[in-house]
Amino acid sequence: MKTLKSNRLVKTSLLVLCGSVTLVASSAWATLVTWNLNPDGLNADVGSSSHDFTVSGYTITARGYDTPSTPHELFFKNGGGDEIGLGLVNTLNNELQVDSNGNPLNSIQLDLRSILLQGFTNGKIEVGSIQSGESFNLYGSNTLGNLGTKLNSTPYGSAFDDQFVSVPNFGTYQFISVVAATLDVLPVAFQAMIVPVPEAASLAPAVCLVIVATAFEARRRRRQTP
C-alpha cells in the first residue's frame, strides 16, 4: 500500500511539473514590444520625413505626410506632460492638424510590414496631447503614403489621452496612419505582441512524457536491483 501511494505521489508531482513546464513554454515566449516615438525625449527636428524605430531588434518606420501624400518632415516634440511624442515641423504646436471642415491636413503613417512578417499581433497605439474637444482617427492601408480606410467608427477623444488603444483589424493593413479628427494631436508610442513559436510550445508535452516515462523506468529498475 505504501508503494502504491508513493507511486501515485511521484506521478502526481511529475504531472504538476510537466503542466508548469508546458505553461511556461507557451507563455514566456510571448513578448510585448513597445516602440516609443520619441525615445530620447527630444524637442528638435528629426531631419527627415521618415524615421526608423528599433526595439529588441524589431523595427517599424514612421513617415510624415501632408494630405494626401506629400512627405512632411517629422519633429520630436517634448512639451512636457502628455505632449512628448512624434509630430511635424512647422505645423501649429508641431502636431497633426485638421482643416475647418474636419478633414485631416497631415498624418503620421507607421510602416508595420517588417513586424507583421515576423508574426506580431495585438497592435495598439498611444496618442497624446488630446485636450477636451480634441480627438484622432486611425486609418489602414496597404499602399505606402495612402490613408486608405478609416478603422474606427467614432473619433478617440480626450478619454483616450496618453492611453494605448487597440488598432481595429490589426494585421489586415501594412500601414497604420494617425490623423487629427478635431484640433491637433500627437502620436506617442506603438506596441504589439510577438506570438509564441508553435514548435517550441508544442514540444513541451512530448518532453514531459519522456520525463515521466524515464522517471518510472528508473524507479522500476532500482526496485529490481538486489
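In what order do the strands of the open sheet of 4 strands run? In this predicted model, the order is E1-E14-E9-E12, and the pairing is antiparallel. The edges belong to strand E1 (31–36) and strand E12 (163–166), each of which pairs on one side only. Going from one strand to the next, the twist averages 25 degrees. Inside this sheet, strand E9 (residues 120–128) is joined to E14 in the antiparallel sense by 7 bridges. One spot to look for is threonine 121, whose bridge partner in E14 is methionine 193.

E14 spans residues 186–194 and includes glutamine 191. The side chain of glutamine 191 makes a polar contact with the side chain of threonine 34, at 3.0 Å. Leaving out residues up to four places away in sequence, glutamine 191 also touches Leu32, Val33, Trp35, Asn122, Gly123, Lys124 and Phe164, among others.

A second open sheet holds 3 strands in the order E2-E6-E7, again with antiparallel pairing. Strand E2 (44–45) and E7 are the edge strands here, each with a single partner, so one side of each has no neighbour in the sheet. Strand E6 (residues 74–78) and E7 run antiparallel and are joined by 5 bridges. Across that pairing, leucine 74 stands opposite leucine 88 in E7.

E3 and E4 pair as well, in the antiparallel sense and over 6 bridges. Together they make a hairpin with 2 residues between the strands. Valine 55 has tyrosine 58 in E4 as its bridge partner. Serine 56, in the loop between strand E3 (50–55) and E4, has a positive phi of about 55 degrees although it is not a glycine. Serine 56 is also exposed, with a relative accessible area of 64%.

Asparagine 90 is another non-glycine residue with a positive phi, in this case about 60 degrees. Asparagine 90 sits in the loop between strand E7 (84–88) and strand E8 (106–111), and at 73% relative accessibility it counts as exposed. The backbone has a further feature worth a look, given that most peptide bonds are trans. Threonine 67 and proline 68 are joined by a cis peptide bond, with omega about 5 degrees. Proline 68 is found in the loop between strand E4 (58–66) and strand E5 (70–71).

Is serine 107, with a relative accessible area of 5%, buried or exposed? Serine 107 is buried, and its place is in strand E8. Not counting residues up to four places away in sequence, the residues that serine 107 touches include Arg63, Gly64 and Tyr65, along with Leu96, Leu147, Ser177, Val178 and Val179.

Phenylalanine 136 is buried, at 0% relative accessibility. Apart from its neighbours within four places in sequence, phenylalanine 136 is in contact with a set of residues including Val127, Ile130, Asn152, Pro155, Tyr156, Val165, Val178 and Val185.

Across the whole structure, 6 aromatic pairs turn up. In one of them, the ring centres of phenylalanine 136 and tyrosine 156 are 4.9 Å apart with the planes at 25 degrees, so the pair is stacked. This pair links distant parts of the chain, 20 residues apart: phenylalanine 136 belongs to strand E10 (residues 135–141), while tyrosine 156 is in the loop between strand E11 (149–150) and E12. Tyrosine 156 is buried too, with a relative accessible area of 11%. Tyrosine 156 also pairs with phenylalanine 160, this time edge-to-face, at 5.2 Å centre to centre and 85 degrees between the planes. Phenylalanine 160 counts as partly exposed, at 33% relative accessibility. Elsewhere, Trp35, Tyr58, Phe120, Phe170 and Phe190 form one aromatic cluster.

How values were computed. Residues are numbered from 1 along each chain as its sequence is written. This is a predicted model: local features need pLDDT of at least 70, side-chain atom pairs count only at pLDDT 80 or more; totals for chains, interfaces and linings use all residues. Side-chain values use heavy atoms; hydrogens and water are left out. Buried means under 20% relative accessible area, exposed over 50%, partly exposed in between (1.4 Å probe, protein chains only). A polar contact is a pair of N or O atoms within 3.5 Å; within protein, one must be able to donate a hydrogen and the other to accept it, and residues adjacent in sequence count only if both atoms are side-chain atoms. Contact means heavy atoms within 4.5 Å. Two strands pair if DSSP finds at least two bridges between them. Axes are lines fitted to C-alpha atoms, for helices over the stretch in contact, and angles run from 0 to 180 degrees between N-to-C directions. Rings of Phe, Tyr and Trp (its six-membered ring) pair if their centres lie within 6.5 Å; planes under 30 degrees apart count as stacked, over 60 as edge-to-face and the rest as tilted.
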